[in-house]
Amino acid sequence: MEFLTANELSILRWIHILAMVYWLGGEWGVFQTSYHVTNRNLALDERRRHMETAYRIDILARTGIVLLLPLGLHMGKLYGFVPFLEGAGVWWMWLFFAVWLAMTWAAFIKRQTDIGIKITKIEEYLRYPLIAVLFLFSFMAFGGSGPVESGEGSFWYPTKIALYAFALCIGLFLRVIMRRWTMRFQVLAQGPNAAEEAALEREIGQGRIAAYIYWITISGVCFLGAVKPF
């Protein structure tokens, strides 16, 4: 226990790096797999296997993105940026994100069922107020008020929060696309359907554009955390 206390910040930073790696690497894996999901020259069963592979890769990326926020907030507490997490506050924060992560994994395990789709939608709806709160906290910090404290030399922290919130917005869009994969393949399993194929290709094309923006945003988050430029 003494070791954990003495190295708390270093351990959190290590886990934070791992979460970032799984987030970035996982999104690349899903991106590449999507080419096979939309390939009409492949048999439907093979395309569904690629879709299953994409889901299995994506759960690591989703786990990473969920963990990044509590890890960042916990480190922010140690830096003195988030004083409201002092004492029991940090444990309540971790409990909230543990529930969020449990919902993410429940949706993944039950992804081929109606309950899985329902859990996914609930988890997505919960992101909207979270995104709004993160943007609000970030903007308030730049104005010198709010629960996140920053100033000259530490504005990188609220900027990182804002970029993370923006990444959550992109992630919501990509999650909607992946959820539609399941529903569209249920229709395609009943027989060829040109309209569903066209919709699948259009949506994944949009998702690939969003993925490029996603990677740039993730790189920006990494840069701010590593360099702390302002």
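This report walks through the aromatic pairs, nonpolar cores and salt bridges of one predicted model.

Because the model is predicted, local features need pLDDT of at least 70 and side-chain atom pairs count only at pLDDT 80 or more, while totals for chains, interfaces and linings use all residues. Residues are numbered from 1 along each chain as its sequence is written, and side-chain values use heavy atoms, with hydrogens and water left out.

**Aromatic rings**

Searching the whole structure turns up 18 aromatic pairs. Rings of Phe, Tyr and Trp (its six-membered ring) pair if their centres lie within 6.5 Å; planes under 30 degrees apart count as stacked, over 60 as edge-to-face and the rest as tilted. One of these pairs is Trp28 with Phe31, stacked at 5.7 Å centre to centre with 20° between the planes. Both residues sit in helix α2 (residues 8–37), three residues apart, about one turn of the helix. Helices here are DSSP runs (H or I, at least four residues), numbered from the N terminus.

Their surroundings can be read from relative accessible area: buried means under 20%, exposed over 50%, and partly exposed in between (1.4 Å probe, protein chains only). Trp28 comes out partly exposed at 46%, whereas Phe31 is buried at 6%. Another stacked pair is Phe135 with Phe139, at 6.0 Å centre to centre and 20° between the planes. These two lie in helix α5 (residues 114–142), four residues apart, again about one turn of the helix. Phe135 is partly exposed, with a relative accessible area of 23%, and Phe139 is exposed at 55%.

A charge sits over a ring if NZ of Lys or CZ of Arg is within 6 Å of the ring centre and within 35 degrees of the ring normal. That picks out Arg111, whose charged end sits over the ring of Phe108, 4.2 Å from its centre. It also picks out Lys228, with its charged end 4.9 Å from the ring centre of Trp156.

**Nonpolar cores**

A nonpolar core is a set of buried Ala, Val, Leu, Ile, Met, Phe, Trp, Tyr and Cys residues joined through side-chain atoms within 4.5 Å. The largest one has 43 residues, and those touching the most other members are Trp23, Leu73, Leu134, Tyr157, Tyr164, Leu168 and Tyr214. Two or more residues come from each of α2, α3 (44–79), α4 (89–109), α5, α6 (156–188) and α7 (194–227). Which helix gives the most to this core? That would be α6, with 10 residues.

A second, separate core has 14 residues, including Val30, Phe108, Ile177 and Ile204.

As for Tyr157, its contacts (heavy atoms within 4.5 Å) are Gly72, Leu73, Gly76, Phe81, Val82 and Val148, leaving aside residues up to four places away in sequence.

Helix α6 itself is mostly covered, with 25 of its 33 residues buried. From first C-alpha to last it reaches 47 Å, close to the 48 Å expected at 1.5 Å a residue; the expected span is 1.5 Å times one less than the number of residues.

**Salt bridges**

Side chains of opposite charge can pair when their charged atoms come close. The criterion for a salt bridge is a side-chain nitrogen of Lys or Arg within 4 Å of a carboxyl oxygen of Asp or Glu, and the structure holds 10 of them.

| Salt bridge | N to O distance | Relative accessibility |
|---|---|---|
| Arg111 and Glu52 | 2.1 Å | Arg111 11%, Glu52 21% |
| Asp58 and Arg62 | 2.4 Å | Asp58 4%, Arg62 10% |
| Glu196 and Arg184 | 2.9 Å | Glu196 17%, Arg184 16% |

The bridge between Arg111 and Glu52 links distant parts of the chain: Arg111 is in the loop between α4 and α5, and Glu52 is in helix α3, 59 residues apart. Arg111 counts as buried, while Glu52 counts as partly exposed.

Asp58 and Arg62 are separated by about one helical turn because they are four residues apart in helix α3. Both Asp58 and Arg62 count as buried.

Glu196 counts as buried, and so does Arg184. Elsewhere, salt bridges that share partners join Glu123, Glu124, Arg127 and Arg175 into one network.
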